[in-house]
Amino acid sequence: CADEEEYVQSRKQVVLDSLRRLDIDCPPVLPHIAFLASGGGQRSAVGLVGSLYQMEKDGLVDTLLYLGGVSGSTWAMASLYSDPQWSSNMDAAVSRLSVEGVYLEQALSWLSERAKEEHFSLSDVWGVLTSSCVFRQMDLRHLSDEASRNATNPYPIYSAIEKQCFAEGSVGGRWFEMSPHESGFTEMGLFVNTSLLGSKFKSGELLETKPEMDMVKLQGTGYRCNTRLYGNKAFRWCTDTSVPACLLSTDKMYLVDAGLLINVGYPPFLGDKRDIDLIIAPEYSAGNMFEVDYAAEVNKPFPKIDEKILEDKDLPESCYVIEGKEKEPSIIYMPLFNRQNCKGWRAFYHRHVYMHPFLHDVMQI
């Protein structure tokens with residue numbers, strides 16, 4: 001959208017200045033760099049904060065044009081962006097992990113208000129637990145509030161998937177991205193203003209404005225919970241036969257954890273829309289983010305993943321560089337649990353967890 005483009009253009013000057021400070025010569029076209037963190041529950045939430053903390057100390061955060069996440073890493077993003085200056089103030093972000101936290105009365109008061117709403121659900125409970133217990137805050141701002149900020153921080157993209165389309169295996173209508181300016185279906189290019197998420201539409205016209213969900217509730221969509229959005233008729237697809245049936249069967253959308261499909265939020269960054277040159281992909285879970293060949297399904301350029309990376313899934317190296325060709329982004333893939341820094345843990349995992357199907361499934365969450 002035009003507003004995102006305006007933000008990104010301003011951010012490019014920050015990136016250029018950062019690269020110059022690092023004595024990195026830029027080509028005529030500035031490289032578009034996206035930092036895309038994996039899911040992995042609390043482990044990925046804390047891991048993302050740690051990664052960005054060190055990147056700030058090394059002067060690297062300002063080289064990033066975008067920041068994206070799924071599942072647990074979106075919890076960290078929600079907390080980070082509560083500070084308009086977080087990219088130069090990671091000490092404060094780290095300190096929030098060890099402060100006293102939220103009083104029980106605050107959390108219960110928030111839940112009591114949500115319980116009065118038409119579609120109170122388990123996602124509300126999960127949202128307040130992650131916000132208050134992991135990041136020790138009740139962040140009542142809205143995602144669209146960030147639309148008026150300057151380009152101090154990388155542009156954030158949060159991801160979820162639509163439950164029904166995912167369950168039916170539909171390619172279209174699965175991936176749902178949210179940014180400060182617009183939210184919608186990545187594969188179909190259909191979006192609405194983020195401030196109107198949850199409002200009621202009919203034939204593409206706004207019927208009833210509903211309050212935008214706050215960041216506490218939004219964090220509930222970053223795990224295995226449902227969030228209902230009155231949304232499908234906002235996208236003008238009432239009679240469009242190109243829209244998958246999974247989106248026509250109900251007047252509500254159900255957003256769930258994107259990590260159920262792919263454990264890294266790269267779908268919004270494929271192709272010409274954001275024209276990403278380099279993806280930095282830290283892997284905080286025990287899985288492999290490249291097991292699903294999503295790019296081939298949606299016919300988007302993506303580098304060929306070496307079979308060795310897939311074979312190394314349970315005992316990976318600490319870093320892999322996957323070089324893209326032509327329109328393909330290059331990828332720096334960094335598994336947190338690797339044979340260099342977790343030798344004992346990996347051996348234990350392989351003997352006692354990986355070989356036990358139930359425990360292996362649990363560890364992927």
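User: Which residues of α2 are buried?

Analyst: In this predicted model, the buried residues of α2 are Gly41, Ser44, Ala45, Gly47, Leu48, Val49, Leu52, Met55 and Glu56. An α-helix has 3.6 residues a turn, so residues three or four places apart point the same way. In α2, Ser44, Leu48 and Leu52 are among the buried residues.

User: How many residues does α2 have, and what distance does it reach from its first C-alpha to its last?

Analyst: Helix α2 has 17 residues and reaches 25 Å between those two atoms. This is close to the 24 Å expected at 1.5 Å a residue. After the helix comes glycine 59, whose phi is positive, near 70 degrees.

User: At what angle do α2 and α3 pack?

Analyst: Two packed helices are described by the angle between their axes and the distance between the axes. Here α2 (residues 41-57) and α3 (residues 72-80) pack at about 50 degrees, and their axes are 6 Å apart. The angle therefore makes α2 oblique to α3. The crossing of α2 past α3 is right-handed.

User: Which residues meet where α2 packs with α3?

Analyst: From α2 come Gly41, Gln42, Ser44, Ala45, Leu48, Val49 and Leu52. They meet Gly72, Ser73, Trp75, Ala76, Met77 and Leu80 of α3. Sorted by class, this contact has 8 nonpolar residues, 5 polar residues and no charged residues.

User: Where is tryptophan 86 placed, and why does it count as buried?

Analyst: Tryptophan 86 is in the loop between α3 and α4. It counts as buried because its relative accessibility is 1%, and the cut-off for buried is under 20%.

User: Which residues does tryptophan 86 touch?

Analyst: Leaving out residues up to four places away in sequence, tryptophan 86 touches Leu52, Val61, Leu67, Leu80, Tyr81, Asn153 and Pro154. Leu52 of α2 and Leu80 of α3 also take part in the contact of those two helices. Tryptophan 86 and threonine 152 are 66 residues apart in sequence, and their C-alpha atoms are 8.4 Å apart in space.

User: How many helices and strands are in the protein chain, and what percentage of its residues is buried?

Analyst: The protein chain has 13 helices and 13 strands. Of its 365 residues, 53% are buried. Among contacts with a separation of 6 or more, 70% join residues 24 or more positions apart.

Definitions and conventions. Residues numbered from 1 in each chain as written. Predicted model: local features only at pLDDT ≥ 70, side-chain atom pairs only at ≥ 80, totals over all residues. Heavy atoms only, no water. Axes fitted to C-alpha atoms, helices over the stretch in contact; angles between N-to-C directions. Helix = DSSP H or I, 4+ residues; strand = E, 2+ residues; numbered from the N terminus. Parallel < 35°, antiparallel > 145°, perpendicular 65-115°, else oblique. Left-handed = near helix turned anticlockwise from the far one by under 90°. Contact = heavy atoms within 4.5 Å. Nonpolar A, V, L, I, M, F, W, Y, C, P; charged D, E, K, R; others polar. Expected span 1.5 Å × (residues − 1). Buried < 20%, exposed > 50% of the residue type's maximum accessible area, 1.4 Å probe, protein only.
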